Amino acid sequence: MVLGFEERCIPKILAEMQIHTIRRDEPDRWGKGAVIHFSTSTRTKNYNKFKQGECVSTQHIIIQWVWKDGKNRMTVQVDGRLLNEKEMFELAKNEGFDRMDDFEARFSDGDFYGKIIHWTDKKY
């Protein structure tokens with residue numbers, strides 16, 4: 001199955017610095033053993049499959065925003081377990097973000113329910 005990425009993700013994926021992706025998966029298509037076609041420009045004439053791999057596993061993720069100490073703060077649950085700040089930073093880094101602020105901005109438009117699609121053995 002095709003997983004579309006922005007061009008900026010290619011070097012980190014190929015260098016194994018980005019080792020998973022967080023996506024909505026409402027039709028529940030992604031699971032262990034699914035073939036991954038890493039691509040850019042999906043559904044266009046410029047389609048580019050830059051790598052092929054396999055989904056090793058998935059984990060359910062919930063990203064929510066809570067008001068705490070006078071500030072809107074991100075919380076992350078993976079398979080029902082609340083991650084601490086260190087684990088959240090590791091998740092962001094493994095998702096290809098250099099800064100936690102950038103990861104938070106990516107999910108700043110409200111609560112998110114989805115999956116982490118892993119192509120390595122990493123689990124949270």
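**Pockets and cores in a predicted model**

Student: What is the volume of the second largest pocket?
Tutor: This is a predicted model, with local features requiring pLDDT of at least 70 and side-chain atom pairs pLDDT 80 or more, while totals for chains, interfaces and linings use all residues. Residues count from 1 along each chain as its sequence is written, and side-chain values use heavy atoms, without hydrogens and water. A pocket is an open set of points on a 1 Å grid where a 1.4 Å probe fits, with protein on both sides within 12 Å along at least five of seven lines. Probe spheres set on those points, joined across faces, edges and corners, fill a volume that for the second largest pocket is about 250 Å³.

Student: Which residues lie nearest the centre of the second largest pocket?
Tutor: Its lining (residues with an atom within 4 Å of a point) has 15 residues. Nearest the centre are R8, C9, R23, E95 and R106.

Student: Which element gives the largest share of the lining of the largest pocket?
Tutor: The largest pocket, of about 360 Å³, is lined by 14 residues, with R73, M74, E85, M88 and E104 nearest its centre. β5 (57–68), β6 (71–78), α2 (85–94) and α3 (100–106) each supply at least two lining residues. The largest share, five residues, is that of β6.

Student: How many residues does the largest nonpolar core have?
Tutor: Such a core joins buried nonpolar residues (under 20% relative accessible area) through side-chain atoms within 4.5 Å. I22, I61, I63, M74, V76, L91 and F103 have the most contacts inside the largest one. A second, separate core of 13 residues includes F5, I10, F38 and I117. The residue count of the largest core is 17.

Conventions:
Helices (H or I, at least four residues) and strands (E, at least two) are DSSP runs, numbered from the N terminus. Buried means under 20% relative accessible area, exposed over 50%, partly exposed in between (1.4 Å probe, protein chains only).
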